[in-house]
Amino acid sequence: MSESIETTVDPDEIARFSAMADTWWDPEGPMKPLHRLTPARMRYLTSQLNAHFGRAESGNSLDGLRILDIGCGGGLVAEPLARLGADVTGVDAAEKNVEVARLHAAGSGLKIDYRHGRAEALAEAGEQFDAVMALEIIEHVADPALFVASVAKLVKPGGLVIFSTINRTPKAYGLAIVGAEYVLRWLPRGTHTWSKFVKPSELARHGRAAGLEMRDVTGLVYSPVSGFSLNRTDVDVNYFASAVRNEAG
């Protein structure tokens, strides 16, 4: 790819996640929060995908859909999507993450196209997908507006984009940083930077500029008793956002 392609990759963030690559599939390791939220996260993803593409809920409801998972990490989302029949491509800027994901998919008997690279490079190459997942990544990039613009180019007109991220609120600072990194120690200290969190209004603005129409925003809340669950009104900390690319985009 051309060296002149603009990038949203933050080298410090890539180094941080590369150092944790071998722990992706350890449910009690640094990725513990992702393992804990996976059931709720997959409920949101499948409900949005099934509704948008007119699919009935089933074990192969995503059959035939080409889905891109940006910042795929070790494959915690790519694998369950593939099990539902999707043709999944996973891309990550950390080469070690991709190696871990490939090995785990092979051991699980899953065919997933994992690539080491950047969303911007895929967009520049003209690749497009029915749906694009950008989960827990925009709060780690250097330029959110450019990242959303690249994501928009990667989805076909009429296709679906699903983001998940953390709202920039005092409550999010207390729970996602102080609570998760310093008190509960679910994540290594320094995993998140509060100033890089993204408000839903900012994400919607970036989306509109890129030809994406926001269709849904749903919160992801945590309870010590019941764990993670979806909440239509509480988006103070973690939230999902679904958007459709304009047909004329």
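Two strands pair if DSSP finds at least two bridges between them. Strands (E, at least two residues) and helices (H or I, at least four) are DSSP runs, numbered from the N terminus. This is a predicted model, in which local features need pLDDT of at least 70, side-chain atom pairs count only at pLDDT 80 or more, and totals for chains, interfaces and linings use all residues. Residues are numbered from 1 along each chain as its sequence is written, and side-chain values use heavy atoms, with hydrogens and water left out.

**View 1**
β1 and β2 run parallel and share five bridges. Here I70 stands opposite V91 of β2. The chain passes from β1 through helix α3 (residues 78-83) to β2, in a right-handed β-α-β crossover. Right-handed has a set meaning: with the strands pointing away from the viewer, the path from the first strand over the helix to the second runs clockwise. β1 also pairs with β4, in parallel, over four bridges. I67 has A131 as its bridge partner in β4. Is β1 mostly covered or mostly uncovered? It is mostly covered, as four of its five residues are buried. Buried means under 20% relative accessible area, exposed means over 50%, and partly exposed lies in between (1.4 Å probe, protein chains only).

Strand β4 (residues 129-135) runs parallel to β5, joined by six bridges. A134 has F163 as its bridge partner in β5. With strand β8 (residues 238-245), β5 pairs in the antiparallel sense, over seven bridges. V161 has A243 as its bridge partner in β8.

Helix α6 covers residues 144-154, and together with β4 and β5 it makes a right-handed β-α-β unit. L146 is found in α6. L146 is buried, with a relative accessible area of 18%. The C-alpha atoms of L146 and R118 are separated by 12 Å, and the two residues are 28 apart along the chain. The loop between β4 and α6 holds E136. E136 has a positive phi of about 50°, although it is not a glycine. E136 counts as partly exposed, at 22% relative accessibility.

Helix α4 (residues 95-107) has 13 residues. From its first C-alpha to its last, α4 reaches 19 Å, close to the 18 Å expected at 1.5 Å a residue. The expected span is 1.5 Å times one less than the number of residues. Which residues of α4 are buried? They are N97, V98, V100, A101 and A105. Why do they lie on the same side of α4? They cover an arc of only 160° around the axis, which puts them there. The arc is that of the directions from the helix axis to the C-beta atoms. The face turned away from the buried side carries the exposed residues L103, A106 and G107. K96 is also found in α4. K96 is partly exposed, with a relative accessible area of 36%. Just after α4, G109 takes a positive phi of about 70°.
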